[in-house]
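Here's a quick walk through one structure, from its surface to its core. Have a look at the sequence and the fold before reading on.

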Amino acid sequence: MHALRHFCASVLLDAGESIKALSEYLGHHGPGFTLRTYTHLMPSSQTRTRAAVDAVFGTSRATDDGPETAQQG
C-alpha cells in the first residue's frame, strides 16, 4: 500500500497538482510535511516554470505596449 500511495503522489505531482491539495488528499497534517516528503519527485518543476513564463511573454508580443513600441515613437 505504501508503494501505491507513493506512486499516486508522484503521478499527481508530475501532473502539476499543488502541494497543498496533495497534502489534503494524503491526509498529511500540513503541506510542509508533504513537501519535505515528496520534493525529490519534482525535478520537472523548473521546466514547467520556464514554460509558464515563456507562454505569458511569448503570447504578449502582439500588444501595443513594451520596448518595441517605445522605439517606434
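Does Lys20 count as buried or exposed? Lys20 has 51% relative accessibility, so it counts as exposed, the cut-off being over 50%. Keep in mind that this is a predicted model.

## The salt bridge

Search the whole structure and you get one salt bridge. It pairs the side chains of Lys20 and Glu24, with an N to O distance of 3.0 Å.

Both partners sit in helix H2, and because they are four residues apart there, about one helical turn separates them. Glu24 counts as exposed as well, because its relative accessibility is 52%.

## The nonpolar core

Now for the inside. The largest nonpolar core has six residues: Ala9, Leu13, Ile19, Leu22, Leu26 and Tyr38. Two elements, H1 and helix H2 (19–26), each give two or more residues to this core. H2 provides the largest share, with three residues.

Leu22, one of the core residues, is a handy one to click on. Once you set aside neighbours within four places in sequence, Leu22 is in contact with Ala9, Leu12, Leu13, Glu17 and Thr34.

## A nonpolar patch on the surface

Met1, Leu4, Phe7 and Val11 form a nonpolar patch on the surface, and together they have about 490 Å² of accessible area.

Key
Residues numbered from 1 in each chain as written. Predicted model: local features only at pLDDT ≥ 70, side-chain atom pairs only at ≥ 80, totals over all residues. Heavy atoms only, no water. Patch = residues over 30% accessible without salt bridge, like charges linked within 9 Å, V, L, I, M, F, W, Y side chains within 5 Å. Areas by Shrake-Rupley, 256 points an atom, 1.4 Å probe, with all protein chains shown as cover. Salt bridge = Lys/Arg side-chain N within 4 Å of Asp/Glu carboxyl O. Core = buried A, V, L, I, M, F, W, Y, C linked by side-chain atoms within 4.5 Å. Buried < 20%, exposed > 50% of the residue type's maximum accessible area, 1.4 Å probe, protein only. Contact = heavy atoms within 4.5 Å.
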